[in-house]
Amino acid sequence: MSNLEIIPDKSHTFSKAYHQYPNGISPKFARTANGVEVVTDIGSFTDWSMGLGPIIKGYNFKNLNDHITSVLNKGVGFSIPGEYEFDVASKLLGKLGFGEQVRFARNGSDVTSAAVRLARYITKKDLILCNGYHGWQDWYIGATTRDYGVPKNVKELTKKIAGFDKDDLVQMFKNNRGEIACLIIEPMIADEPDLEFLTLAKELCHKEGALLIFDECWTGFRCHPQGAIGLTGIEPDLACYAKALGNGVPVSAVVGKKENMEKFQDVFFSFTHASDPIGLAAADFMLDYLSGDFFNRLNEKTNFLKESIANIFNNITNDELGIDVRGYCGKIVFFAKDQRYRIKIKTAIQKHMIENKHLFNMFIALAEDHRDSEINSFLSACKSFVEKINVENFDINKETDGFLVQDVFRQTQ
Ligand SMILES: Cc1ncc(COP(=O)(O)O)c(C=O)c1O
């Protein structure tokens, strides 16, 4: 077996690392994956995180692979812009029905960071307000509890609002009048979009001369062909896309009106592989694939699964071990009702799922390839988990001793 110690944390992505799965019984790495089955160092599992969201169809999607291969065979990494960039940008704008210009990149963090830098340049202001997870770079991670290495003065320039709390939003705008460059938000996280919040966000931004940015890195191409914009009818000034756009192949995009986007002529947003044709090929293919009633089917499946899981968890008799499920548009999130038991419940359910051959990390990124057989198997694992923890002498401390997972972000309460 490979020497895992040569990669710090044994992972390049925090949420994929060994400490996010129960110690000692979880797979250490994946070897191959097909559909929703992943082959690991300790056997096959049904995957429910789907690469942290991008894999909306399934792993190793042959038609996508073939298309990418045909693009690859024309050469990659040109010294001047490739014609293909303009074709895919045009297709993206056509599908979104929003924006006039596009800049491509590879990660979600690339485009959220580009969008906030653009907003700071346009507004000549520095403060950023945000509401979700927006990537690994200083401007965002400095506002979290894993802020190691971020300079204090950078930390002071980003403030987090509490989810979709309208009062908090109003207060933030009031307290920081004249300083706000932009509000960057995930337009929905675990529930359907809050139209009142989004309308208010747009109003406040425009009144204050700030830009509204939708971070659709998760939601884009997971809920509607036009993402949250199509779903809500609310247009931001800029929108960022990633994950599902490439079904696992790295590609991201920032999109907006020409009057804002053309300022990228001044703002430095540039890297060698920004318009990598492999990512563009994936986007090109997936933009066509994610059409028709794809999203209706995914949404129906999400609702069915969410409700079925909620019904099963309603039978948990010990309130301290209760689990809530919320979800929308291909995403289902699991929450410990009693936050004191958050880590132990996460560990216990993940352990049970691993024992039942499900790779699970407290959320489901539903893919087209999750069919009835996998869904039924997951539901029966939920049932047997509830039966296990309902036994009178069940002891969560004993169950999780030696297996505990860790938080990605330290909890502040
Ligand atoms: C909403 C949102 N924005 C931005 C990002 C950052 O994307 P990446 O990890 O590709 O840089 C993520 C990643 O999880 C995300 O969920």
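**Exercise 1. Work out what end-to-end span helix H10 (residues 277–289) should have, and compare it with the model.**

Solution. Keep in mind that this is a predicted model.
- Step one: H10 has 13 residues, and at 1.5 Å a residue they should span 18 Å.
- Step two: the expected span is 1.5 Å times one less than the number of residues.
- Step three: the end C-alpha atoms of H10 are 18 Å apart, so the model agrees with the expectation.

**Exercise 2. List the buried residues of H10, then find which elements they pack against.**

Solution. 
- Step one: go through the helix and pick out Pro-277, Gly-279, Leu-280, Ala-281, Ala-282, Ala-283, Asp-284, Phe-285 and Met-286 as buried.
- Step two: look at what these residues pack against, and you'll meet helix H1 (62–72), helix H2 (83–96) and strand E4 (101–105).

**Exercise 3. Describe helix H3 (residues 108–123): its span, its burial and what comes after it.**

Solution. 
- Step one: H3 has 16 residues and reaches 23 Å from its first C-alpha to its last, close to the 22 Å expected.
- Step two: 13 of those 16 residues are buried, so H3 is largely enclosed by the rest of the structure.

**Exercise 4. Which residues come closest to the ligand, and which element gives the largest share of its shell?**

Solution. 
- Step one: the ligand is surrounded by 14 residues, the closest being Asn-107, Gly-108, Ser-109, Gly-135 and Cys-217.
- Step three: sort the shell by class and you get five nonpolar, seven polar and two charged residues.

**Exercise 5. Find the largest nonpolar core and trace the contacts of two of its residues, Cys-182 and Leu-211.**

Solution. 
- Step one: this core has 111 residues, and Ala-115, Cys-182, Leu-183, Leu-211 and Ile-213 have the most contacts inside it. H3 gives the most to the core, with seven residues. Domain 1 (4–56 + 305–400) and domain 2 (62–289) each put in at least three.
- Step two: skip the neighbours within four places in sequence, and Cys-182 is in contact with Val-116, Ala-119, Ile-128, Ala-210, Leu-211 and Ile-213.
- Step three: Leu-211 sits in strand E8 (residues 211–216). With 24 other C-beta atoms within 10 Å, Leu-211 is buried; the cut-off is 20 or more.
- Step four: beyond four places in sequence, the residues that Leu-211 touches include Ala-119, Ile-122, Thr-123, Cys-182 and Asp-237.

**Exercise 6. Is Ile-42 buried or exposed?**

Solution. 
- Step one: locate Ile-42 in the loop between strand E2 (37–40) and strand E3 (43–47).
- Step two: count its C-beta neighbours inside 10 Å; there are 12, so Ile-42 counts as exposed.
- Step three: for a sense of distance, Ser-70 is 28 residues away from Ile-42 in sequence and 34 Å away in space, C-alpha to C-alpha.

**Exercise 7. Characterise the contact between domain 1 and domain 2.**

Solution. 
- Step one: take the centres over C-alpha atoms, and the two domains are separated by 29 Å.
- Step two: 12 residues of domain 1 are in contact with 14 residues of domain 2.
- Step three: on the domain 1 side, strand E11 (323–327) and strand E12 (331–336) each supply at least two residues.
- Step four: that side has six nonpolar, four polar and two charged residues.

Technical notes:
Residues numbered from 1 in each chain as written. Predicted model: local features only at pLDDT ≥ 70, side-chain atom pairs only at ≥ 80, totals over all residues. Near = placed C-beta within 6 Å. Helix = DSSP H or I, 4+ residues; strand = E, 2+ residues; numbered from the N terminus. Nonpolar A, V, L, I, M, F, W, Y, C, P; charged D, E, K, R; others polar. Core = buried A, V, L, I, M, F, W, Y, C linked by C-beta atoms within 7 Å. Domains from an automatic or database assignment. Contact = placed C-beta atoms within 7 Å.
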